[in-house]
Amino acid sequence: MKAEIHPNYHTVTVVMTDGTEYQTRSTWGKEGDKLHLDIDPKSHPAWTGGNAQMLDRGGRVSRFQKKFSGFLKKD
């Protein structure tokens, strides 16, 4: 293994949106820094089962469906 080519791997504290903290090892920041999360598994709808809706802005979905409607063979 070559010397001096790998990033510094150290302990940082991760602060969740609800204020809870845990320590992990990372190449982010410096030893002892705190990483404050804006979104985490406790607040993001992908993990909490929130209502995720696909927004069709400007008709992109309908244009896609129209363009590729005959691509898949339907039984």
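Predicted model: local features only at pLDDT ≥ 70, side-chain atom pairs only at ≥ 80, totals over all residues.
D18 is partly exposed, with a relative accessible area of 49% (buried is under 20%, exposed is over 50%, and partly exposed lies in between, with a 1.4 Å probe and protein chains only). Residues are numbered from 1 along each chain as its sequence is written, and side-chain values use heavy atoms, leaving out hydrogens and water.

**Overall make-up**

- The chain contains two helices and three strands; these are DSSP runs numbered from the N terminus, with helices (H or I) of at least four residues and strands (E) of at least two.
- Read from the N terminus, the order of elements is β-β-β-α-α.
- Of the 75 residues in the chain, 12% are buried.
- Among contacts with a separation of 6 or more, 8% are between residues 24 or more positions apart, where a contact means heavy atoms within 4.5 Å.

**The sheet**

- Three strands form an open sheet in the order β2-β1-β3, with mixed pairing; two strands pair if DSSP finds at least two bridges between them.
- The edges are taken by β2 and β3, each with a single partner strand, so one side of each has no neighbour in the sheet.
- Neighbouring strands of the sheet are turned against each other by 35 degrees on average, direction ignored; the axes are lines fitted to C-alpha atoms, for helices over the stretch in contact, and angles run from 0 to 180 degrees between N-to-C directions.
- β1 and β2 run antiparallel and are joined by six bridges.
- T11 has R25 in β2 as its bridge partner.
- T13 sits in strand β1 and counts as buried because its relative accessible area is 10%.
- Leaving aside residues up to four places away in sequence, T13 touches E21, Y22, Q23, D33, K34 and L35.

**Salt bridges**

- There are two salt bridges, each defined by a side-chain nitrogen of Lys or Arg within 4 Å of a carboxyl oxygen of Asp or Glu.
- One of them joins D18 and K42, whose closest N and O atoms are 3.3 Å apart.
- This pair links distant parts of the chain, 24 residues apart: D18 lies in the loop between β1 (10–15) and β2 (21–26), and K42 in the loop between β3 (34–36) and α1 (45–48).
- K42 is partly exposed because its relative accessibility is 48%.
- E21 and K34 also meet through their side chains in a salt bridge, at 3.1 Å from N to O.
- E21 in strand β2 and K34 in strand β3 are 13 residues apart, and the pair links distant parts of the chain.
- E21 is partly exposed at 46% relative accessibility, and K34 is partly exposed at 44%.

**Nonpolar surface patch**

- F64, F68 and F71 make up a nonpolar patch on the surface, with about 380 Å² of accessible area together.
- Patches take residues with over 30% relative accessible area and no salt bridge, joining like charges within 9 Å and nonpolar side chains (Val, Leu, Ile, Met, Phe, Trp, Tyr) within 5 Å.
- F68 lies in the segment after α2 (60–67).
- With a relative accessible area of 38%, F68 is partly exposed.

Terms used:
Areas by Shrake-Rupley, 256 points an atom, 1.4 Å probe, with all protein chains shown as cover.
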